[in-house]
Amino acid sequence: MIDDVLEMKILDVGHGNSAMVRDGNRCAVIDAEPSVKVADELEYVQCEHIEHLILSHSDNDHAGGGPLLLLDQSRTIGTVWFNADSRKNTKIWKRLRYATQTRFRRGGLGGHQMIHTATGREISCGRARMEVCHPSAVMALTGPKRRTEFGELTANTVSVVIRVHLGELPAALLAADIDGIALKHIQDYGHELSAPVLVFPHHGGKPGKHAPYEFAKSLTELVRPEVVVFSIRGGSRPANPQPEIVRGVRHAMPTAHIACTQLSAHCQVPSSPGSRDRDQCCAGTLTIRQTSDGLAYTPSLSEHRQFISLRVPAPLCRKETVTPPARQPVD
């Protein structure tokens with residue numbers, strides 16, 4: 001498929017994160033959860049070469065599909081980007097490390113690079129550009145560790161934040177699983193985060209030891225999005241996005257359009273026993289496309305509003321905002 005499309009897709013992958021950036025037949029992938037959904041999307045658009053495979057951190061729901069893409073001989077990969085995590089000793093993390101080495105030796109992989117704000121190399125895919133907003137070089141080189149000058153660094157703390165530009169303008173901020181320590185670090189460095197779409201970190205779950213409302217409010221104020229996306233599995237527990245997170249988003253940006261890829265357990269449609277309605281999608285996969293008039297969304301925001309109005313009696317995203325909870329102590 002060779003065309004002039006300039007777009008990114010925030011894929012509906014349940015509890016996980018995966019996005020694809022495409023300029024015609026040039027593709028990049030940011031995170032790959034452990035299923036064939038990313039590979040299926042690449043096959044659908046007939047992508048035979050992934051220019052960049054960026055894995056934000058070592059968690060299975062972000063990097064678990066990496067080995068599948070790396071060992072798939074049907075397409076080549078330019079560069080795979082991810083940082084080391086000496087605290088992680090899972091089977092999937094081991095598979096990813098060895099898959100990178102195996103594919104490089106067999107051919108079809110240009111190489112591996114660490115990824116941080118001082119990488120010194122532009123990560124581009126045709127007219128699209130992936131800007132690294134976090135972690136800084138010093139935090140990435142420290143890596144996940146219990147005692148550092150920043151406090152305890154987990155895999156979430158050092159997860160890579162990417163701002164995707166379609167053409168000259170930012171389109172979306174992919175915030176991986178950052179927590180309060182990471183957000184403070186970004187603020188201290190003064191990195192620009194503004195973008196029309198925010199893929200909220202950690203699927204709208206609690207941001208480590210930090211107060212959810214304050215975290216959501218601060219992040220949303222920095223990004224100033226018109227659309228906030230929560231990538232979740234419908235009906236799963238814990239029920240994300242957390243109500244405190246949604247409150248923080250709405251207080252910071254009352255006009256922001258909130259969309260989940262699948263229906264949250266907070267918004268379950270009444271269903272009869274055995275019904276599959278409880279697992280139906282909400283916004284599903286969101287496509288952001290660059291047009292002559294700016295950014296266009298599929299599904300459109302009006303279509304999503306209509307779906308919510310018709311199918312969800314008490315959606316979390318539309319509940320009236322209340323007085324913010326008392327500020328909680330931050331460790």
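**Entry 1. Terms and confidence**

I began with the terms: helices and strands are DSSP runs numbered from the N terminus, a helix having at least four residues and a strand at least two. I noted that the model is predicted. I then looked up the confidence of the chain and found an average pLDDT of 91, with 91% of the residues scoring at least 70.

**Entry 2. Thr-261**

I located Thr-261 in the loop between strand S13 (257–260) and strand S14 (286–291). Is Thr-261 buried or exposed? Thr-261 has a relative accessibility of 1%, so I recorded this residue as buried, the cut-off being under 20%. I then listed what Thr-261 touches, leaving out residues up to four places away in sequence. The partners include Leu-11 and Asp-12, the run Val-229, Phe-230, Ser-231 and Ile-232, and also Cys-281, Cys-282, Ala-283 and Gly-284.

**Entry 3. The nonpolar cores**

I turned next to the buried nonpolar side chains. In soluble globular proteins, such side chains tend to be buried together. Here I found that the largest nonpolar core has 34 residues. Which residues have the most contacts inside this core? They are Leu-173, Phe-200, Leu-219 and Phe-230. I noted the elements that give two or more residues to the core: the helices are H6 (180–189), H7 (212–223), H8 (243–252) and H9 (301–311), and the strands are S12 (227–230) and S13. The largest share, four residues, comes from H7.

Beyond four places in sequence, Leu-219 touches Leu-183, Leu-193, Leu-198, Phe-200 and Pro-201. Apart from the core of 34 residues, I found another core, of 30 residues, with Val-21, Ile-54, Val-160 and Val-199 among them.

**Entry 4. H7 against H8**

I described each helix pair by the angle between the axes and the distance between them, as is done for two packed helices. The axes of H7 and H8 come within 7 Å and cross at roughly 35°, and the crossing is right-handed. On the H7 side, I listed Pro-212, Tyr-213, Ala-216, Lys-217, Thr-220 and Glu-221. On the H8 side, they meet Glu-244, Ile-245, Arg-247, Gly-248, Val-249, His-251 and Ala-252. By class, I recorded six nonpolar, three polar and four charged residues in this contact.

I also asked which residues of H8 are buried. They are Ile-245, Val-246, Gly-248, Val-249, Arg-250 and Ala-252. Their cover includes H7, S12 and S13.

**Entry 5. H6 against H7**

I found that H6 and H7 pack at an angle of about 35°, with their axes 11 Å apart. H6 passes H7 in a left-handed crossing. The contact is made by Gly-180, Leu-183 and Gln-187 of H6 with Phe-215, Ser-218, Leu-219 and Leu-222 of H7.

**Entry 6. Backbone exceptions**

Which peptide bonds did I note as cis? The bond from His-134 to Pro-135 is cis, with omega near 5°. Pro-135 is in the loop between strand S8 (128–134) and helix H5 (137–142). The bond from Thr-298 to Pro-299 is also cis, with omega near 0°. I placed Pro-299 in the loop between strand S15 (294–298) and H9.

For positive phi, I recorded Asp-31, with a value near 70°. Asp-31 is in the loop between strand S3 (26–30) and helix H1 (37–44), and this residue is buried because its relative accessible area is 4%. I also recorded His-202, which has a positive phi of about 55° although it is not a glycine. His-202 lies in the loop between strand S11 (197–199) and H7. At 26% relative accessibility, His-202 counts as partly exposed.

**Entry 7. Gly-208**

I finished with Gly-208, which lies in the loop between S11 and H7. Gly-208 has a relative accessible area of 57%, so I recorded this residue as exposed. The C-alpha atoms of Gly-208 and Thr-154 are separated by 9.4 Å, while the two residues are 54 residues apart along the chain.

Methods. Residues are numbered from 1 along each chain as its sequence is written. This is a predicted model: local features need pLDDT of at least 70, side-chain atom pairs count only at pLDDT 80 or more; totals for chains, interfaces and linings use all residues. Side-chain values use heavy atoms; hydrogens and water are left out. Buried means under 20% relative accessible area, exposed over 50%, partly exposed in between (1.4 Å probe, protein chains only). Contact means heavy atoms within 4.5 Å. pLDDT is the predictor's confidence in each residue, from 0 to 100. A nonpolar core is a set of buried Ala, Val, Leu, Ile, Met, Phe, Trp, Tyr and Cys residues joined through side-chain atoms within 4.5 Å. Axes are lines fitted to C-alpha atoms, for helices over the stretch in contact, and angles run from 0 to 180 degrees between N-to-C directions. A crossing is left-handed if the near helix is turned anticlockwise from the far one by less than a right angle, and right-handed if clockwise. Ala, Val, Leu, Ile, Met, Phe, Trp, Tyr, Cys and Pro count as nonpolar, Asp, Glu, Lys and Arg as charged, and the others, Gly among them, as polar.
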